[in-house]
Amino acid sequence: MTQERDNKNLRCDLLVRADAIVTQDDERRVLTDAAVAVTDGLVAEVGDYASLASAYEPEQTLDLSGKMLLPGLVNGHTHLPMTLQRGLADDLPLMDWLQNHIWPVEAKLNEALLASGAKLGCAELIRTGCTAFLNGYFHEQITGQTVSDCGLRAVLGEGFFAFPSPFFATAEDCWNTVRALDERYRDHPRLRSAVTPHAVYTVEPDQLAESFELAESLDIPWQTHLAESPMETALCLEKHGMRPVEILRSLNLLSPRTTLHHCVDVTDEEIALLADRGVNVVHNPASNLKLCSGLSPVQKMLDAGVNVGLGTDGAASNNQLNMFRDMGLAALVGKVSHGDASAVSAQTALDMATRNSARCLGWPELGRIEAGCPADMCALDLASPNLMPMFNPVSHAVYAATGLEVCMTMAAGEVLYLYGDFRTLDMTALREEAVECAKWARCAAGRGKNTK
């Protein structure tokens, strides 16, 4: 602090008070009867309420007494517009689900539908306390505009398959689109870009290598689905004679710039390689369970030193974009997968959904309530019966909360949701859009007449 504490001579835009603050700072401090001072969209200071109230003269105050304040959760992997396909194809294995149900419908999407899907996704993220996410989909400028309007943060990746594809005739067409997306958001305070090949079994090796070179030239993250299921491994062995991780190793695509989604079917030797190369991994427990892809060896990866974040995947394979649900699943499934009740502890799961996912986004200052970091926060209402009594706030956030106890969501110091009020979205209009989108989806899937 450059200013001295004297008769409230410290100015701030907002002073937020809460019964408990889970800071997720390096010491993992949990403060009681505490407050956060916010200035210019950043955390100026976090500490006990009496001290900050006597030191600061805020423009506004937000009294969250009876609430627990957490960092805004960070969704390390999703496909936001896929909310349009929520529940459209359930109870199917990965490849059948993708090839016979999801991809045929996606081929019929247009920009208006993508915008509706993105808005629905943003609404769900805001409602359940998520303030930033790593996306991969098509026409990402549409999602970008929606995210910008809603006040969230995102790293946007234009997804691509082998060329020619329904979206890009040639690789250069795709690279130009990626460059344009990066230029569009290079100076945006809440939006960034990433290079996003779909997977090693849907993109040719030379195109994977070219896309990584592009990510390096732009100095942005490179993300892809990898080792999502044993069936993917079998496809890679048949097509390339190598397992998925080995394909990336052979192309020199394993680095701290790399974020891999799923990593279910990985060996101990492959885990060691990922750790040695500083690769980031995003765990998607709900999606993996629903598609019966398998159990990711999360604790083994963490023990080896791999940075493991947490994601929901798209609403088409999870049916929710609720990070609280995936936190709980990550902890519970992690114990069974590792055969140890202490594996993937509550604190570990919260780390995965905040600090670790922030690293997967290439945005390490997110996922914590700490001086100098963005003022991205959410609050849980402790009056909810399932959160009483409270002995351990971290335990409650992971094991007891459902996400619907969220009563406040804030990004960059701006309140986006408070006590049922969505401040950046017209929910009445959005509900009407959702009805029309459902009619379209049924028609696109061959299940009904499109009345639009």
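Predicted model: local features only at pLDDT ≥ 70, side-chain atom pairs only at ≥ 80, totals over all residues.
**View 1. The tilted pair Tyr 137 and Phe 138.** A search of the whole structure returns 9 aromatic pairs. In the pair formed by Tyr 137 and Phe 138, the centres are 4.7 Å apart and the planes meet at 40°, so the pair is tilted. Tyr 137 is buried at 3% relative accessibility, and Phe 138 is buried with a relative accessible area of 5%.

**View 2. Arginine side chains over aromatic rings.** The charged end of Arg 17 is placed over the ring of Tyr 49, 3.8 Å from the ring centre, while Arg 192 lies over the face of Trp 363, at 3.8 Å from the centre of that ring.

**View 3. Strand 11 and its neighbours.** Strand 11 (residues 280-283) directs Asn 280 and Val 282 one way and Val 281 and His 283 the other way, and all of these residues are buried. Strand 10 (residues 258-262) runs parallel to strand 11 and is joined to it by 3 bridges, with Leu 260 opposite Val 281; together with helix 9 (residues 268-276), strands 10 and 11 make a right-handed β-α-β unit. Strand 12 (residues 307-310) also runs parallel to strand 11, through 4 bridges, and here Val 282 stands opposite Gly 309.

Terms used
Residues numbered from 1 in each chain as written. Heavy atoms only, no water. Buried < 20%, exposed > 50% of the residue type's maximum accessible area, 1.4 Å probe, protein only. Helix = DSSP H or I, 4+ residues; strand = E, 2+ residues; numbered from the N terminus. Pairing = 2+ DSSP bridges. Right-handed = clockwise from strand over helix to strand, strands pointing away. Phe/Tyr/Trp six-rings, centres within 6.5 Å; stacked < 30°, edge-to-face > 60°. Lys NZ or Arg CZ within 6 Å of the ring centre and 35° of its normal.
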